[in-house]
Amino acid sequence: MAHDCFDPYAVECYDDRPWYPRPGRVVADAALEAIGLPYSWGGGGTRGPGYGIGRGAKTWGFDCSGLAQYAWARVGVTISRTSQRQWEDGIRIPRDEVRAGDLVFYDSNPRRRGPEHVGIAINRKRMVNAPFTGATVRVEPVDRPTYIGAVRPGVEPDW
């Protein structure tokens, strides 16, 4: 029976290929552990959630790039702190090859350099997202109009 992969905890949704890389699942699981934490602009990093800066200064949680940095740190891979720099921290992955742990990027302002938002893929259809001030970390669809691409950090192109 085919699975629609809208249940982020369904094992079938991680990937249907037998050569699925374990580090990506660890990254996705680390991101899923943050579900329900508040979004905090500038918050979080390699050690986990934290107080942000500016409008996030009084909120303990994650912003999008802090969550990505934390999740990849769980497998020993260091990535940059901002979504713009994370866009450069690995190999580009075609949309139909996105799998758990890949970073998925969005840009609603093409006049600014680099993407302004990043999520952590759970599978090809869903991601863990720290969306905006006032929201909490949650699971959302990968596909949206501002999608610009995906990156797999810390791996060689033939991994």
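Start with glutamate 33, which is exposed at a relative accessible area of 52%. Keep in mind that this is a predicted model. The side chain of glutamate 33 meets that of arginine 74 in a salt bridge, 2.9 Å from N to O. Arginine 74 sits in the loop between α2 and α3, and glutamate 33 in the loop between α1 and β1, so the pair ties together parts 41 residues apart in sequence. Arginine 74 itself is partly exposed, at 39% relative accessibility.

How many salt bridges does a search of the whole structure find? Eight. Another one of them joins aspartate 63 and arginine 81, at 3.1 Å from N to O. Here the loop between β2 and α2 is tied to the loop between α2 and α3, because aspartate 63 lies in the former and arginine 81 in the latter. Aspartate 63 counts as buried at 8%, while arginine 81 is partly exposed at 25%.

Next, the largest pocket, with a volume of about 380 Å³. It is lined by 18 residues, and aspartate 63 is among the closest to its centre, along with Tyr39, Trp41, Cys64 and Glu116. Helices α2 and α3 are the elements that give two or more residues to this lining. By class, the lining has six nonpolar, seven polar and five charged residues.

Last, serine 83, in helix α3. Is serine 83 buried or exposed? Buried, with a relative accessible area of 5%. Beyond its sequence neighbours within four places, serine 83 is in contact with residues including Ser65, Phe105 and Glu116.

Conventions: Residues are numbered from 1 along each chain as its sequence is written. This is a predicted model: local features need pLDDT of at least 70, side-chain atom pairs count only at pLDDT 80 or more; totals for chains, interfaces and linings use all residues. Side-chain values use heavy atoms; hydrogens and water are left out. Helices (H or I, at least four residues) and strands (E, at least two) are DSSP runs, numbered from the N terminus. Buried means under 20% relative accessible area, exposed over 50%, partly exposed in between (1.4 Å probe, protein chains only). Contact means heavy atoms within 4.5 Å. On a 1 Å grid over the protein atoms alone, a cavity is a set of points where a 1.4 Å probe fits but cannot get out, and a pocket is an open set with protein on both sides within 12 Å along at least five of seven lines; lining residues have an atom within 4 Å of a point. Grid points are joined across faces, edges and corners, and a volume is the space filled by probe spheres set on the points. Ala, Val, Leu, Ile, Met, Phe, Trp, Tyr, Cys and Pro count as nonpolar, Asp, Glu, Lys and Arg as charged, and the others, Gly among them, as polar. A salt bridge is a side-chain nitrogen of Lys or Arg within 4 Å of a carboxyl oxygen of Asp or Glu.
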